[in-house]
Amino acid sequence: MAAGFNEQFDRHGAWRREMGMRLKVLADWLREQELLDDGSEESVQRLAEQLRADKVMVAFVAEFSRGKSELINAVFFAGYGRRIMPASAGRTTMCPTELGYDAGLPPCLRLLPIETRLQPQALLDWRQVPEKWTRVDLDVNDPAQLAGAMEKVSEVLHVSQDEARALGFWHDDRPDDNPPVDAAGAVEVPRWRHALINMAHPLLKQGLVVLDTPGLNAIGAEPELTVNLIPQAQAVVFILGADTGVTKSDLTIWREHLASVDDGLGTRFVVLNKIDTLWDELSTPARIEAQIARQCAETAHTLELPPAQVIALSAQKGLLAKVRGDDGLLAQSRLPPFEQLLGRQVLGARQSVLQGAIRASVGRLQADAARTLGARRRELAEQALELKGLRGKNHVVIRQMRLRVEQEKAEFDRSAASVLAVRTVHMKLLREVFKLLGSSSIKKELAGLATMLRESGVKFGVKRAYAHGFDNLRGVMRRVQMLEGEIHEMLTNAFRQLNAEYGFSLQAAPPPDMARFESDLGAVERSHLQYLGVGNIVQLARPEFAEKLLRALVARVRSIFETALGDIELWNKSCSSQLDAQLRERRRAFGRRIEAIQRIQGAAGELDGRIAEIGEQEAALEAAQRRLSGLAHELQTSDLDAPAPHPQPEAATA
């Protein structure tokens, strides 16, 4: 039987831990051999952190009453033997809810009051102000208490139409999308703006993040959700009703918020839930199957998706089957094929990313260490040749050789001026790169767009302003790529000269490719287009909404620029550390040569002994080269080859 999502995620977590341990073994060995320079050390730390803290986000999106929370319960929380997320009839999840794990916090539910929407701060800013959130402690080993606490995400307030309009839930131009109104004329709105659930569930501890989103009305009012959180998810699961197919509001959510999600950054699935409503004892199994197949085909056609990305199932029957241990009902619910597909595509893609990072990072470590080992071997070979030439020579010749080596060392020390000149030019160019990728650069390139968004009233020409702003940002990336090329060319020429003069083996690594960051900017631009159409012209005219949209945009662009800057800093450190390492090795070699000649001057028998020592050191370097190749090979070729045991929720602790 194929592994479900939970088992596949356990295996993925076990693989990450295994890779982390192997990386530590490699790093410790490199450190012992004095082969880990500053740049390599930082590269190891980054890769170790990526393996340890890698997150896989799965976002569930649906209009209300599609069974979204029930599907989350069935896939992730069936081990508790009951529902954890509220999943009763009607509206349940009223605010965006993130489930994850942070070891630095106790198990808790944190809730941000809806009134914060009236203030200009973005959601990202509110995350840094914990005192503004209402906290409810959780007992992860008490399913009843856990489920009771989760009910708070369903809480609502009743406010006036003016208050609902100010909060972004009432639209005079779209009356069909407005929330319910009670007999007194009060409007029902969510009590909370955002919920963060921190719990030590086994999957969440391994890096899974589940994003549960509310319906259309709430999604459209929170731009950070659709332009930042959802596009960054590794998988987006869009839930529809199997009995209704794609309704008008479903199609609106898809077209305005999901169709622009770049499938190169994540995977989109559409789930036709509640197929149990089509189970009809008066019909034949063949007719029921044909009806489900027809709904899947029509949905795929309407949403312009490959048929394989549309899955029909019953989340409620799947949850019930897991709780009861009923394999027949579980198969009938069709939940397992969805879990297998989710795990295979999401975790497979995530592992490919991590494997690529491992291969690249370990390849650089291996190349840097191999260059240092090569330099050491050359130095030993030169020493051996030099010492063998002293056989039968008198003390005068030996003294002259010592003076010659000391003179070479002095000349080498004076070469520091040329190295300093290289560093000066290098840092000057790097400062230009840092300036281009700084916050002030983002503000400058988006100044025209910011001015337009902050204007009151209808914003004609906003699409052109967006296009111009993103063209500016892509231009920044191209200028950065050009400066990287200049730095690389300068380093290549300088390293070539140093290699020729001093026998170094310096090699300037290629700079980070800015093309992927341009692609990331394109994905952000597409995620914003949903707000620029005629349907959102009134919403965009509201200053507070436009300000939130701008803040969300700047936060996402800043994240992309900071990631690019981090890659460039690591590249820079790698190049500088390589030069430092070879300078250090050469100074040590001079010291060893002078020491050997001094020993030979002091005792006639030292010459043969020193030549024998060099032979032993050469053999040790050969062994080190083989060990390096073996450790690197283990990291670069490992795959998910064995399932890890699946821990039960009852064993979870805070």
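Rings of Phe, Tyr and Trp (its six-membered ring) pair if their centres lie within 6.5 Å; planes under 30 degrees apart count as stacked, over 60 as edge-to-face and the rest as tilted. By this definition, ring pairs link F60, F76, F77 and Y80 into a cluster. The structure discussed here is a predicted model, in which local features need pLDDT of at least 70 and side-chain atom pairs count only at pLDDT 80 or more, while totals for chains, interfaces and linings use all residues. Residues are numbered from 1 along each chain as its sequence is written, and side-chain values use heavy atoms, with hydrogens and water left out.

A search of the whole structure finds six aromatic pairs. One of them is formed by F60 and F76, an edge-to-face pair with 6.0 Å from centre to centre and 90° between the planes. This pair links distant parts of the chain, since F60 belongs to strand β1 (residues 56-61) and F76 to helix α3 (residues 68-76), 16 residues apart. Helices (H or I, at least four residues) and strands (E, at least two) are DSSP runs, numbered from the N terminus. The rings of F76 and F77 have centres 6.4 Å apart and planes at 65°, so this pair is edge-to-face as well. F60 and F76 are both buried, and F77 is buried too; buried means under 20% relative accessible area, exposed over 50%, and partly exposed in between (1.4 Å probe, protein chains only).

Strand β1 leads on to the sheet. Nine strands form an open sheet of mixed pairing, in the order β4-β3-β7-β2-β8-β1-β9-β10-β11. Its edge strands, β4 (134-137) and β11 (310-312), each pair on one side only. Two strands pair if DSSP finds at least two bridges between them. From one strand to the next, the twist averages 20°.

β1 and β9 pair in the parallel sense over four bridges, and V61 has F238 as its bridge partner in β9. Strand β9 (residues 235-241) also pairs with strand β10 (residues 267-273) in the parallel sense, over seven bridges. In β10, the bridge partner of F238 is V270, and that of I239 is V271. Seven of the seven residues of β9 are buried. On one side these are A235, V237, I239 and G241, and on the other V236, F238 and L240, so that both faces are covered.

Helix α14 (residues 335-388) lies across β1, β9, β10 and β11 and runs at about 170° to β10. Axes are lines fitted to C-alpha atoms, for helices over the stretch in contact, and angles run from 0 to 180 degrees between N-to-C directions.

A further packing involves two helices. The axes of helix α19 (residues 462-502) and helix α20 (residues 515-529) come within 9 Å and cross at roughly 170°. The two are therefore roughly antiparallel to each other; angles under 35 degrees count as roughly parallel, over 145 as roughly antiparallel, 65 to 115 as roughly perpendicular and the rest as oblique.

Finally, the structure holds zero disulfides, a disulfide being a pair of cysteine sulfur atoms within 2.5 Å. C95 counts as buried at 1% relative accessibility, and C108 is buried with a relative accessible area of 1%.

How values were computed: Contact = heavy atoms within 4.5 Å.
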